[in-house]
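Here's a walk through one protein model, feature by feature. Have the viewer open and follow along.

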Amino acid sequence: MNMTKMNRLPIVISVLLITISSCNNATNEPGAEQEQVQQNSIESIKERYNTDVPEKILTPDVVDTRIGTLKFFDGLPSDETVDKVYDNLDFMRGVETFLNGIPATSIEGLRLGNQEVGATKSNQVVIFDDLLDSNPLFLTGNTSTVYALAFFNLQEDGPVVVEVPAGSGPGTVNDAFFRFVVDMGAPGPDRGKGGKYLILPPGYEGNAPDGYYIAESTSYVNWLVLRGFLVDGEPDAASKMYRDGLKIYPLKDKGNPPQMQFINGSGKAFNTIHANDYDFYEELSEVIQREPVSFLDPELRGLFASIGIQKGLPFDPDPRMQEILKDAVEVGNATARAIAFRTREKTAAIFENGHWESGFLGGNYQWLKEEGNGGRYLDARTRFFYIATVNTPAMVLKMVGRGSQYAMGILDSEGNYLDGSKYYTLNIPANVPAKDFWSVVMYDPQTRSELQTDQPLPSVSSQRTPLVENEDGSVTLYFGPTNKAPEDKKANWLQSVPGKGWFVLFRLYGPLEPWFDKTWQPGEITIIE
């Protein structure tokens, strides 16, 4: 045997053993040994330069991360590392697409829900003549106003006229990304006196006629939501007001507008909520295909396109991408639920003490943080649209005696989730600062819709519920699977479901100064031992 080759053999074996040892160490959790390997790698890399190159701009040959060990040759990623980081990049963008695409898919879910009950044209309105009960799946809807809901497509119809009757409560038009277009009714420019509104399509270049309150939308599809107040605790007057006075028609047809059609949504089971699985991306793609390019800014459009959702192209991910997106939407959904139900934003607290939270973080309907200094308040936008609908300045601006204000009750006085198997009380102090009325509605954390129990309207309202007051004028509400309220206060009970969670929204319509200056505060939801 050639002695030179024999002499080299131990060296080759040594190098092989060192390489194997390094690879094995690279798969372990990072520790002192791994850090030393990386440091040695950086030191050896630096030796290859003529000048002193800062370590912070160099990449070690082996890097341990939360997605595993990444390997490089002089900064060039290995094939395995390339595959790993691209999978991770697609996953991250899938999660971000879910979190940032919720406003679009939520509007799409509402549009599909309207279609499900037969409303496919602008003159077809879904009206809840007998109030919104727990049968429809509808994000945190209320049980104390008569909803009238309509969609119109400005690409198909051109400018659309909405004639709002006098006496209408809060009304709003939102675009296909849940952005504010215009208020109507009490908080709108007609101030509840009624009027004609003209909604223009994006980029409209024609001459708008006089005699209308005019607003230009940024999208083709728009959602109109109107709310009518009860009279003597009954919905009949509000229902009649809309059925007799609400008109929606294309401006081009003003001489002969189509006859209005009203579809009663009360008691019907239908879904208006976006998907939380892979179908979410299909819903988002449908919106992107339909709306103009100007509908979204290039950054957001680029995010969606990075996972294959791009205007003019079919959304058809390959099997690898499908699996990544299925994983991404599950993590995105979990993240949205954490943001919604366990926020880490300290500004969510409405009062200095207690657990009442605002669903509208930042106080800006455009979701700008600290007057824009913090850019777009992304988590605030995700939080709101995962659990709620309707975007209007009236919900966040201080409008004493007009508009509405909301407080979310997700946790009990001890900071725990509300359990449908247990019993709780909630004290509403006297002199609630609401010009019109106040209400408490129970919701299901799974669907974020009204909690389905033996009570079709899982709520109490100062307008329609025969609430029994305490001697000091306050009202104590009782929650639990069975009615354990005192015999003379059985009307103050709201039913929960064993094995299910729940949360509430406390609403004030026509909020007064004590709400804004926080001199009045609801009690805490307290468990009954």
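## The S7–S8 hairpin

In this predicted model, strands S7 and S8 make a hairpin with five residues between them, and Phe 178 in the turn has a positive phi of about 60 degrees. S7 covers residues 170–174 and S8 covers residues 180–185. The two pair in the antiparallel sense over five bridges, where pairing takes at least two DSSP bridges between the strands. One spot to look at is Thr 172, which stands opposite Asp 183 in S8.

S7 has another partner as well: S11 pairs with S7, again in the antiparallel sense, over four bridges. Asn 174 has Trp 223 in S11 as its bridge partner.

How is S7 placed relative to the rest of the structure, buried or exposed? Five of its five residues are buried, so S7 is largely enclosed by the rest of the structure. (Buried means under 20% relative accessible area, exposed over 50%, and partly exposed in between, with a 1.4 Å probe and protein chains only.) In a regular strand, side chains alternate between the two faces of the sheet. Both faces of S7 are covered, with Pro 170, Thr 172 and Asn 174 buried on one side and Gly 171 and Val 173 buried on the other.

Pro 165 sits in the loop between S6 (160–164) and S7. With 11% relative accessibility, Pro 165 counts as buried.

Contact means heavy atoms within 4.5 Å. Not counting residues up to four places away in sequence, Pro 165 touches Gly 194, Met 241, Tyr 242, Gly 245 and Leu 246.

## A three-stranded sheet

S1, S2 and S3 form an open sheet in that order, with antiparallel pairing. S1 (62–65) and S3 (76–77) stand at the edges with a single partner strand each, so one side of each has no neighbour in the sheet. Four bridges join S1 to S2 (residues 68–73), and Val 62 stands opposite Lys 71 in S2.

## The largest pocket

The largest pocket comes to about 740 Å³. The search runs on a 1 Å grid over the protein atoms alone, and a pocket is an open set of points with protein on both sides within 12 Å along at least five of seven lines; lining residues have an atom within 4 Å of a point. Grid points are joined across faces, edges and corners, and the volume is the space filled by probe spheres set on the points.

There are 36 lining residues, and those closest to the centre are Ser 358, Phe 360, Met 395, Gln 405 and Tyr 406. S11, H9, S15, S22 and H10 each supply at least two residues of the lining, and S22 gives the most, with four.

## Arg 383 in H9

Arg 383 lies in H9 (residues 378–387) and is buried, with a relative accessible area of 0%. A polar atom of its side chain lies 3.2 Å from the backbone oxygen of Ile 339. Leaving aside neighbours within four places in sequence, its contacts include Ala 340, Thr 343, Glu 357, Ser 358 and Met 408.

## Thr 447 in a loop

Look next between S18 (434–443) and S19 (459–461), where the loop holds Thr 447. Thr 447 is partly exposed, at 22% relative accessible area. Thr 447 and Thr 140 are 307 residues apart in sequence, yet 9.1 Å apart in space, C-alpha to C-alpha. Beyond its neighbours within four places in sequence, Thr 447 is in contact with Leu 137, Leu 139 and Ile 273.

## The whole chain

Zooming out, the chain has ten helices and 23 strands, and its C-alpha trace spans about 105 × 65 × 40 Å along the principal axes. Of its 529 residues, 52% count as buried. Among contacts with a separation of 6 or more, 70% come from residues 24 or more positions apart.

## Ground rules

Residues are numbered from 1 along each chain as its sequence is written, and side-chain values use heavy atoms, with hydrogens and water left out. As this is a predicted model, local features need pLDDT of at least 70 and side-chain atom pairs count only at pLDDT 80 or more, while totals for chains, interfaces and linings use all residues.

Methods:
A polar contact is a pair of N or O atoms within 3.5 Å; within protein, one must be able to donate a hydrogen and the other to accept it, and residues adjacent in sequence count only if both atoms are side-chain atoms. On a 1 Å grid over the protein atoms alone, a cavity is a set of points where a 1.4 Å probe fits but cannot get out, and a pocket is an open set with protein on both sides within 12 Å along at least five of seven lines; lining residues have an atom within 4 Å of a point.
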